[in-house]
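Try each task before reading its solution.

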Amino acid sequence: MTNKELKALISLLDDEDPDVVAHVHARIVDLGDTITPFLEEAWEESLDPEHQKKLEDLIHDLQFSALLRRLQEWKDEGAQDLLHGMWLLSTYQYPDVTLEQIKQTIAELYYEAWVNVRPEMHPYDQVKALNHVLFKLHHFSANTKNFHAPGNSMINQVLESKRGNPLTLCVIYMVLAQKLGLPVYGVNLPNLFILTFKSELAPQFYINVYNRGLILTRADIDNYILQLNLNPVDIFYEPCEPIDIVRRALRNLALSYEKLNDPEKATEIAKMLDVIGEEPQRGSFLASSEEDADDDAPDAEEPGEDEEDL
């Protein structure tokens, strides 16, 4: 289809016959997101708010369809690249953000962390050095003032604002740690996402990124599980897969939109979850989102405090 034909097709969105408009909408969607620049150009040239709204809806539909395809491809390829999966989530709200931009920001943090975190250090000291870079030098912290903001689940926004929920802060921390060669992985605790340092060099321990990298022992996790009246199962102690983390991030985002009374966006996030599939239930608890608990979100001192499921 030539550029002239595309513009003629787009102009038919103003037809008075709703059947014609519906047919044109479906035809444009079938053409895929390569037509998006023509829609954006038409939007800029239009002076009719109603016509602009039709174009905006079309652009969103095309971008969302493309996002679902990319998410399916990520899953089919093994879903092991966590940063890629979190970037895909961010493109739901910020379709123009690129993976390269996120990687560049991560790389800038990495070079500074590399200077401070040395291989010969004890694991505890490595964690403390990384804490210093992220929480003291760069002032990353929990966004307790606007806890339910969708941006807390979007890694590009958290890297820019340096405020986020426990899961997204953990993702940034873990990506940096693994680039440094540290065996740091995510752990699906109920109501709080944390990290674990698991290697043969030291007994396994845990990191509460939400509380500025506080180091926890297995006994601390035992006490936390006991306070929740749950049975201890492996999921509460052992590393989870990258796809589990992205699922949990999507559930956080869906709940954010529900709390903002935006059911349409919450429904679309549910469709993204459908693409990658729900995780099978393990033990007596299926790790939930970060926002399934209370409506208040205090700055947690340890996982035993009342926190949202982040």
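**Exercise 1. What share of the contacts in the chain with a separation of 6 or more comes from residues 24 or more positions apart?**

Solution. Start with the term: a contact means heavy atoms within 4.5 Å. Residues 24 or more positions apart account for 62% of the contacts with a separation of 6 or more. Before going on, note that this is a predicted model, where local features need pLDDT of at least 70 and side-chain atom pairs count only at pLDDT 80 or more, while totals for chains, interfaces and linings use all residues. Residues are numbered from 1 along each chain as its sequence is written, and side-chain values use heavy atoms, leaving out hydrogens and water.

Of its 310 residues, 50% count as buried. Here buried means under 20% relative accessible area, exposed over 50%, and partly exposed in between, with a 1.4 Å probe and protein chains only.

**Exercise 2. Find the buried residues of helix α1 and work out where they lie on the helix.**

Solution. First, pick them out: in α1 (residues 3-11), Leu 6, Leu 9 and Ile 10 are buried. Second, look down the helix axis. The buried residues of α1 fall within an arc of 100°, so they line one face of the helix; the arc is taken from the directions from the axis to the C-beta atoms.

**Exercise 3. Describe how α1 meets α2.**

Solution. Begin with the geometry: the two axes come within 9 Å and cross at roughly 140°. Axes are lines fitted to C-alpha atoms, for helices over the stretch in contact, and angles run from 0 to 180 degrees between N-to-C directions. That angle makes α1 oblique to α2, given that under 35 degrees counts as roughly parallel, over 145 as roughly antiparallel, 65 to 115 as roughly perpendicular and the rest as oblique. Now list the partners: Leu 6, Leu 9 and Ile 10 of α1 meet Val 24, Arg 27, Ile 28 and Leu 31 of α2.

**Exercise 4. Is α5 (82-90) enclosed or open, and which helices cover it?**

Solution. Count first: 8 of the 9 residues of α5 are buried, so this helix is largely enclosed by the rest of the structure. Among the buried ones are Met 86, Trp 87 and Leu 88. Then look around: the cover includes α4, α6 (99-116), α8 (155-161), α9, α11 and α12 (263-276).

**Exercise 5. Where is Ala 79, and is Ala 79 buried or exposed?**

Solution. Locate Ala 79 in the loop between α4 and α5. At 5% relative accessibility, Ala 79 counts as buried. Lastly, check the backbone: its phi is near 55°, a positive value in a residue other than glycine.

**Exercise 6. Which residues does Glu 238 touch?**

Solution. Find Glu 238 in the loop between α10 (218-227) and α11 (242-259). Leaving aside residues up to four places away in sequence, Glu 238 touches Gly 186, Val 187, Lys 198 and Gln 204.

Methods: Helices (H or I, at least four residues) and strands (E, at least two) are DSSP runs, numbered from the N terminus.
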